[in-house]
Amino acid sequence: MEAVQKDHWYFVVLIFLPFLKVAVQQKEAVTVRLEEGMVLDCLCPWDGNLSMVSWTKIPEKNPVAVFHPEYGVTFSHHYRERVEFLRMTPMDGSISMRNVTHQDIGLYHCSVQTFPQGPWTRNIQVEDLDEPPEEDNGTEPPTPEVIKTDTELVAEQDNNLNISCKHEHNGTVYQVILEKMPHGQPWGIIGVCKKVEGGLLGEDYSDRGRVSCTDSLDVSLHLTGVAQEDGGFYRCTFSTDAGVQTTTVLLTVPTPGGFSLSTYMMYIYIGAGAAGLALLIVILILAVRHRKKSRREEYRVKLHPSQRQPNFYENISVCPRPKKSRQIRNCPVYANLQTVRSHKTQRPLHDK
């Protein structure tokens, strides 16, 4: 009986173990003092094989640093030569930072990719604890930064979709980091493309699609059977010799039978086009009617007697006036008289 109860407790522990991991991932952020050489701890609590460690700063768009146990480390342009991975243990993703400034204040997100347990994350808030806390003056907290998107895509559920990022600027590209930010969640790295001595290296950490890299370091994510969880922001960060450049894509997956913003805008465009076509037709009809009316007026004017051309044969003095009224001069008078044929009476033959 005791053996049965013991096995029962083991079974209960195995069921709730995944939920315990999720609870660890959703802990509140740890506060760290802003100081020279500060350490941001990110030690995975369980054993396993570490695949990658990535650091990002929220809500900034540029990643901070990435560590790969086989291919080494890479840093963002702003944190280059200032950040170092400590690597005290095999599952340690902690970093130290030097030459700190007040621009380093903010929320940092650490993501540790492990196998076979999966990812583990932690948030660290860096604050200047030497400054007095700000008083509450009744003002509203600042609104979160609005993410500027370069491309907006809409995909129906269960369809296939390619999300691609191409480098359209001058400069040599060394590395591309593909990240995803689901709605209301922090950024997470799902793919890396970089050039190494042996050629092109591609790392795929996406559990919903397949990340592909080209020789020019253009990266794409192929999604098969798009689902609601695929919606959100996707960001490609290009590390070049001219600095860091980003491209952001917003993917919207409308619910079946729902009404998306893109559909609403499409209806607006269709309605505006139909209204413009109807207005053009009305204008053409009015123009034709006005032209017909003008022609009728011109025709009526031509038929009206007062508008006829004058008869040059009327009211013309044939005989000039005499200088004095008493003088009468002979002047021919012309008149149009109807010619009447005279009928002569024929005499009878016997009268001749």
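A salt bridge here is a side-chain nitrogen of Lys or Arg within 4 Å of a carboxyl oxygen of Asp or Glu. The model on screen is predicted.

**Stop 1: Asp230 and Arg208**

Select Asp230 and Arg208, whose side chains meet in a salt bridge at 2.8 Å, N to O. This pair links distant parts of the chain: Asp230 sits in the loop between E16 and E17, and Arg208 in the loop between strand E14 (199–204) and E15, 22 residues apart. Asp230 counts as buried because its relative accessibility is 0%. Arg208, at 23% relative accessibility, counts as partly exposed.

**Stop 2**

For another, select Arg82 and Asp104, with 3.0 Å from N to O. Arg82 is in the loop between strand E5 (72–75) and strand E6 (83–85), while Asp104 is in the loop between strand E7 (95–97) and strand E8 (106–115), 22 residues apart. Both Arg82 and Asp104 are buried.

Next, select Arg235 and Glu179, a salt bridge in which the closest N and O atoms are 2.9 Å apart. The two ends are in strands: Arg235 in strand E17 (residues 232–240) and Glu179 in strand E12 (residues 173–181), 56 residues apart. Arg235 and Glu179 are both buried.

**Stop 3: the sheet E11-E16-E15**

Switch to a cartoon view and pick out strands E11, E16 and E15, which form an open sheet of three strands in that order, with antiparallel pairing. Strand E11 (161–165) and strand E15 (209–213) are the edge strands, each pairing on one side only. From one strand to the next, the twist averages 20 degrees. E15 and strand E16 (residues 219–223) pair in the antiparallel sense over five bridges.

**Stop 4: Asp158**

Move to Asp158, in the loop between strand E10 (151–154) and E11. Asp158 counts as exposed because its relative accessibility is 64%. Leaving aside neighbours within four places in sequence, Asp158 is in contact with Gly225 and Val226. Its C-alpha atom is 9.6 Å from that of Leu223, a residue 65 positions apart along the chain.

**Stop 5: the disulfides**

Show the cysteines; the structure holds three disulfides.

- Cys165 and Cys236 have their sulfur atoms 2.1 Å apart. The link is right-handed, with 70 degrees about the S-S bond. Cys165 is in strand E11 and Cys236 in strand E17, 71 residues apart. Both cysteines of this pair are buried.
- Cys42 and Cys110 have their sulfur atoms 1.8 Å apart. This link is left-handed, with -80 degrees about the S-S bond. Cys42 lies in the loop between strand E2 (38–40) and strand E3 (49–58) and Cys110 in strand E8, so the pair ties together parts 68 residues apart in sequence. Cys42 and Cys110 are both buried.
- Cys193 and Cys213 have their sulfur atoms 1.7 Å apart. The disulfide is left-handed because the torsion about its S-S bond is about -70 degrees. Since Cys193 lies in strand E13 (residues 188–196) and Cys213 in strand E15, the pair ties together parts 20 residues apart in sequence. Cys193 is buried, with a relative accessible area of 0%, whereas Cys213, at 24% relative accessibility, counts as partly exposed.

Finish on Cys44, which is in no disulfide: the nearest cysteine sulfur is that of Cys42, 8.0 Å away. At 6% relative accessibility, Cys44 counts as buried.

Notes
Residues are numbered from 1 along each chain as its sequence is written. This is a predicted model: local features need pLDDT of at least 70, side-chain atom pairs count only at pLDDT 80 or more; totals for chains, interfaces and linings use all residues. Side-chain values use heavy atoms; hydrogens and water are left out. Two strands pair if DSSP finds at least two bridges between them. Helices (H or I, at least four residues) and strands (E, at least two) are DSSP runs, numbered from the N terminus. Axes are lines fitted to C-alpha atoms, for helices over the stretch in contact, and angles run from 0 to 180 degrees between N-to-C directions. Buried means under 20% relative accessible area, exposed over 50%, partly exposed in between (1.4 Å probe, protein chains only). Contact means heavy atoms within 4.5 Å. A disulfide is a pair of cysteine sulfur atoms within 2.5 Å.
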